[in-house]
2 protein chains.
Amino acid sequence: MPYIKIKICIFNSTGFPVIIYVNDKVLMENVTLRILADKLNLSVTTVSKALRDSYEISEPTKQKVRELATALHYTPNAYARSLRTGKSETIGVVLPEVADHFFALVINGIESVAKTAGYHVLIYLTHEDYNREKEILEYIRKGRIDGLLISVTKETTVADHITKFAPENIPVIFFDRMMEQVEVPKVVTNDFESCYQATQHLLDSGCKQINLCTISDNLIISKQRIAGYIKALQDNNIPAGKDNILFCREDDNSYTQIYNLLKSENRPDGIISLVDKLTLPVYIASEKLGLTIPGELKLVSYSNNPSAGILNPSLTTVSQPAFQIGQTAAKLLISSMGSKRNQVLNEVTVIPSNLVIRASSGQKTN
Amino acid sequence: MPYIKIKICIFNSTGFPVIIYVNDKVLMENVTLRILADKLNLSVTTVSKALRDSYEISEPTKQKVRELATALHYTPNAYARSLRTGKSETIGVVLPEVADHFFALVINGIESVAKTAGYHVLIYLTHEDYNREKEILEYIRKGRIDGLLISVTKETTVADHITKFAPENIPVIFFDRMMEQVEVPKVVTNDFESCYQATQHLLDSGCKQINLCTISDNLIISKQRIAGYIKALQDNNIPAGKDNILFCREDDNSYTQIYNLLKSENRPDGIISLVDKLTLPVYIASEKLGLTIPGELKLVSYSNNPSAGILNPSLTTVSQPAFQIGQTAAKLLISSMGSKRNQVLNEVTVIPSNLVIRASSGQKTN
DNA sequence: ATGAAAGCGCTAACAA
DNA sequence: TTGTTAGCGCTTTCAT
């Protein structure tokens, strides 16, 4: 016997399917409050209130409504609700890059909080491009998000595109890469202190000449780290100059630069790497040159890479509280979205980084 | 003279600010089509059509409308438009983890395509938790997204939560971690072939006994890689058994397991690591045991880590086309959202992985 | 305790 | 070429 399938679709005025029958069985029905109301002989208002557990509605009615709603898999239409209430239960996250362990962990933190609080997370990547950042903010400023978390690009120097969110009543919070001149809350880590601490640690381990390796950039966080490094040296009466800082431009061959540094006459006996990706080059260059770590060269690196402990020798790191930064920023944002039209203050939350001492800095074996 | 600031806000019925005056200057006005229409003595319809460059509207009118719109920074209200059209210009991405270089690159690929096509990207993380995946899909099924890109958790074995999207007319596409039984397009890489190729490569380099190292899991992609490995051995008349596969459970100390393997009587002379994070342990264990790579042990690893080339010796990798997978999946999704109610076919797009031969597998010096 | 009516801002069918 | 009208699905007064 041949199988005959009859499918009937009923569309609404917009051309959207409302009911689909397949062989007389209702396959899908776009369940709205209206439909629930009709089936129960109630008004839309009552159903709406019942589902939101209003005190105005009697218990038996609520019961009936809830039952039917779950039976028909009712889910409120997000657009309609948002249009009416002006809220979207969505927070926007704008950041330079997601293929970076630090930012990835921040996103995890944000997402965990958002999920718990019932918020959705829209993510936009700037790829360190200021124009793209501007474009994105323009694009999401109206109606898509209830709040914004942002970590600016290295290029960002003016903040017009960010301050525009205030009049829209969309709270903004900076995380990690903030702009001092914008009066919104900021969640950052203690870059000055952590680098001061790292420097002091190397000095305590016996280093006489410590170099900094970084990628050239304009970020406040880099400047603060450098300042912390210089301050620590000064406090120990060691002259510090710009020539002790190695800027490895991203497009250059950073390995060669590091190799040359370690090969030179006055090579350092201590290195602080401000970025993760310069760590491996230091290890390999040292091995090539027969320099032992931590014997002849001590190393500390900013890193959130879980393989730090497994390197040989294990790597002393300054590890940033990425997950907590994300969590904290998200919590602050969500609570400031709750308070109606109360612009939150220009407060800075500092979550300290951890100096995790392992073998590469010489105070611990293995 | 004291500075007096007078701020007047006018709210609409919902309690939202419509106009804000500060000292008689309009600071903000929630610009809608209605406001544009009133100021220009036109109807809302005309303005709407003009802004969408309709052929029905005269050029001078369009001109006027556009001018005022940009002058007042008009942006259409996304909720209202979505409610009316049933489209949100948003695609949802559900995946296990973002702090994983592979997935991070996939997201970059998706985002690049979405951005170009004018789509927003909602990201949800499952953290390998099936229940969370189910919850998330339930949560976004109504009205938030126009299309879904998903890579399932290791735990996911049933697909009810995914098939529910078809009747909502929301196209779904799998990327990387797909489910064979669900009839939607899939974008994957050639796991069987790539592992076959890696195995053959090691055999060609002179290996007699090749072991596989992986984390125990149920993913199809892992099974396919293992199958490819076994097939290659068979094709070379080498017996292959499960005992040549080392399962490093995530919670165990994988380093110790690898160390013991390399220390044992019948240690392998070739290793294929199916996951990035087992690479460094192999390097370190070899060094501890005085085994030279590639002399006594040849190594290939699945990895998207950019530092593969910088390891010593440089690491031969199977690198997955993560970015392209993201791009392709997003393109397919967007094109299938364009075609009205035409369910796309159950097609599988395979984007091949690359075997990047470097020093660790012995066919290349340096 | 329940319901009628208005309207969020937009688009689309249908006049004029 | 422009305007009138209706309505997407929901929440929120304000009756009843």
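**A guided look at a predicted protein–DNA model**

Guide: Welcome! Among the 27 residues around DNA strand D, those that come nearest are L33(A), Y74(A), R84(A), T45(B) and T46(B). Sugar and phosphate make up 61% of the atoms of DNA strand D that come within 4 Å of the protein. This is a predicted model, in which local features need pLDDT of at least 70, side-chain atom pairs count only at pLDDT 80 or more, and totals for chains, interfaces and linings use all residues. Residues are numbered from 1 along each chain as its sequence is written, chains are lettered from A and ligands numbered from 1 in the order in which they are written, and side-chain values use heavy atoms, with hydrogens and water left out.

Visitor: What makes a residue count as near a strand?

Guide: One of its heavy atoms must lie within 4 Å of the strand.

Visitor: What makes the pairing of R81(A) with a phosphate oxygen of DNA strand D a polar contact?

Guide: A polar contact is a pair of N or O atoms within 3.5 Å; within protein, one must be able to donate a hydrogen and the other to accept it, and residues adjacent in sequence count only if both atoms are side-chain atoms. For L33(A), a backbone N or O atom lies 2.7 Å from a phosphate oxygen of DNA strand D.

Visitor: Why are K115(B) and E135(A) called a salt bridge?

Guide: The term asks for a side-chain nitrogen of Lys or Arg within 4 Å of a carboxyl oxygen of Asp or Glu. In this pair the closest N and O atoms are 2.8 Å apart, so the name applies. The pair crosses between chains, from helix α5 (residues 101-117) of chain B to helix α6 (residues 130-140) of chain A. Helices are DSSP runs of H or I with at least four residues, strands are runs of E with at least two, and both are numbered from the N terminus.

Visitor: Why is E135(A) called partly exposed?

Guide: Buried means under 20% relative accessible area, exposed means over 50%, and partly exposed is in between (1.4 Å probe, protein chains only). E135(A) has 47%, so it is partly exposed.
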